[in-house]
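Dear colleague,

Please find below the structure that I am handing over to you. My notes on what was found in it follow directly after.

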Amino acid sequence: MSDLKNNAINASAGKFTIKEVSFPRPKHNQAVIKVTSISLNRGEVRNAFNKKEDWVPGWDLAGEVVQAAEDGTGPKEQSRVVGFLPSGAWSQYVGVPTDSIAVLPGNVSDAQASTLPVAGLTALLTLAKGGQLLGKKVLITGATGGVGVFAVQLAALSGAHTTALVRSKEDFDLIKGLGADEIINSIDDAKESFDLILDSVGSEIIGKLINKTQKHGTIVSFGNSSEKPDATYNVGSMFRGSITLYGFIIFNELKTESPSAGLTRLVDLMNRNKLKTIIEKETDWKDIQQVAEDLMNRKFKGKAVLHIS
């Protein structure tokens, strides 16, 4: 099998090309997957634009197992799966640890599944920082983004009173359809305080979010779409409210909880039509350059999916 041709998306200084790379040599706990679909995340695309050396990006993938893991763990050959890698997923063939794989049922397409790893797991694990959510008040900023779309649905499924913050009033109906109880397009419009806030905006909004957090509440900061490095807030307000400000990076969280556990839960919800994804851009991986640029320029909502040809 190692004599099969393997191509991958190569990134260098913001330019993407498809080049031949070596076939994966899996470790004993890795399955070789023939990748059919990948989804893009702003973090990996931003890294690709900033790095000067050649590399193969990619976190999210879906495809078929063509070689089961040597140690006997994980899915068998010909199983359809979704998987996560810390890098290198944008390739025709990849080796993936079996604790980073979940088997796909027939009702979940490869394209749908490929949107789950980073965005879905981030939504799932950030919400977990709020503990039992039944009856609690939850605010999700950036609700039309990849993480936000999943977080709104999962918060609603958990029984939380869910408020979504979006940039445009044109998105109200879209987010309402995902289960949000209330929708606002400015934090100043929030009429109440929240037990848990998931924030992907960062910068100056952090100070305002602290003032909208209930006593002993939690703010989970998992993104900085404002792309401003600094935030100013009243430390006294945090102290008086015993508020927790938690910095969340998915790669750190997955050191203590394997991706397969969360992915299995998300796939099950999707299979039972309890969770849906929004794929606004779906095309061949040869279009990676344009899609990556459009993603960074916020040309679409939800997720972008590329199919490996």
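This is a predicted model: local features need pLDDT of at least 70, side-chain atom pairs count only at pLDDT 80 or more; totals for chains, interfaces and linings use all residues.

Setting aside neighbours within four places in sequence, Ser-39 is in contact with Glu-44, Asp-60, Trp-90, Ser-114, Thr-115, Lys-303, Ala-304 and Val-305. Ala-180, by contrast, is 141 residues away from Ser-39 along the chain, and the C-alpha atoms of the two are separated by 25 Å.

Strand 3 also takes part in the packing of helix 1. In this helix (residues 42-50), the buried residues are Arg-42, Gly-43, Glu-44, Val-45 and Ala-48. They pack against strand 1 (6-12), strand 2 (15-21), strand 3 and helix 10 (288-296).

The chain as a whole

The protein chain contains 10 helices and 15 strands. Its radius of gyration is 20 Å, close to the 19 Å that the globule rule gives for 309 residues, so the chain is as compact as a globular protein of that length. Along the principal axes, the C-alpha atoms fill a box of roughly 65 × 40 × 35 Å. Of the 309 residues, 52% are buried. When contacts between residues at least 6 apart in sequence are considered, 68% of them join residues at least 24 apart.

The accessible surface amounts to about 14,100 Å², and 46% of it belongs to carbon and sulfur atoms. As for charge, there are 35 positive and 34 negative side chains, with the centres of the two sets 4 Å apart.

The nonpolar cores

The largest nonpolar core has 48 residues, of which Leu-116, Leu-127, Val-138, Val-152, Leu-154, Ile-175 and Leu-198 touch the most other members. Two or more residues of this core come from each of strand 5 (80-84), helix 3 (116-128), strand 8 (137-140), helix 4 (146-157), strand 11 (194-199) and helix 9 (259-271). Helix 3 gives the most, with eight residues. A second, separate core comprises 30 residues, among them Ala-11, Ile-33, Val-45 and Val-81.

Which residues does Val-152 touch, not counting those up to four places away in sequence? They are Ile-140, Ala-143, Thr-162, Ala-164, Ile-175, Leu-178, Gly-179 and Ala-180.

Thr-122 is a residue of helix 3. With a relative accessibility of 5%, Thr-122 counts as buried. Beyond its neighbours within four places in sequence, Thr-122 is in contact with Pro-117, Val-147, Phe-222, Phe-248 and Ile-250.

Val-82 belongs to strand 5. Val-82 is buried, its relative accessible area being 0%. Not counting residues up to four places away in sequence, Val-82 touches Leu-61, Ala-62, Ser-100, Ile-101, Ala-102, Leu-104, Ala-113, Pro-117, Leu-263 and Val-267. Gly-63 is 19 residues from Val-82 in sequence, and their C-alpha atoms are 6.6 Å apart in space.

Residues in loops

Apart from residues up to four places away in sequence, Thr-98 touches Asn-29, Ala-31, Ala-69, Thr-73, Gly-74 and Ser-260.

Gln-78 lies in the loop between strand 4 (60-67) and strand 5. Although Gln-78 is not a glycine, it has a positive phi of about 75 degrees. At 64% relative accessibility, Gln-78 counts as exposed, since the limit for that class is over 50%. Asn-273 is placed in the loop between helix 9 and strand 14 (279-284). Asn-273 is not a glycine either, yet it has a positive phi of about 60 degrees. Asn-273 is exposed, with a relative accessible area of 70%.

With kind regards

How values were computed:
Residues are numbered from 1 along each chain as its sequence is written. Side-chain values use heavy atoms; hydrogens and water are left out. Helices (H or I, at least four residues) and strands (E, at least two) are DSSP runs, numbered from the N terminus. The radius of gyration is taken over C-alpha atoms; the globule rule is 2.2 Å times the number of residues to the power 0.38. Buried means under 20% relative accessible area, exposed over 50%, partly exposed in between (1.4 Å probe, protein chains only). Contact means heavy atoms within 4.5 Å. Accessible areas come from the Shrake-Rupley method with a 1.4 Å probe; for residues, only the protein chains shown count as cover. Lys and Arg count as positive and Asp and Glu as negative; His and the chain ends are not counted. The place of a charge is taken as NZ of Lys, CZ of Arg, CG of Asp or CD of Glu. A nonpolar core is a set of buried Ala, Val, Leu, Ile, Met, Phe, Trp, Tyr and Cys residues joined through side-chain atoms within 4.5 Å.
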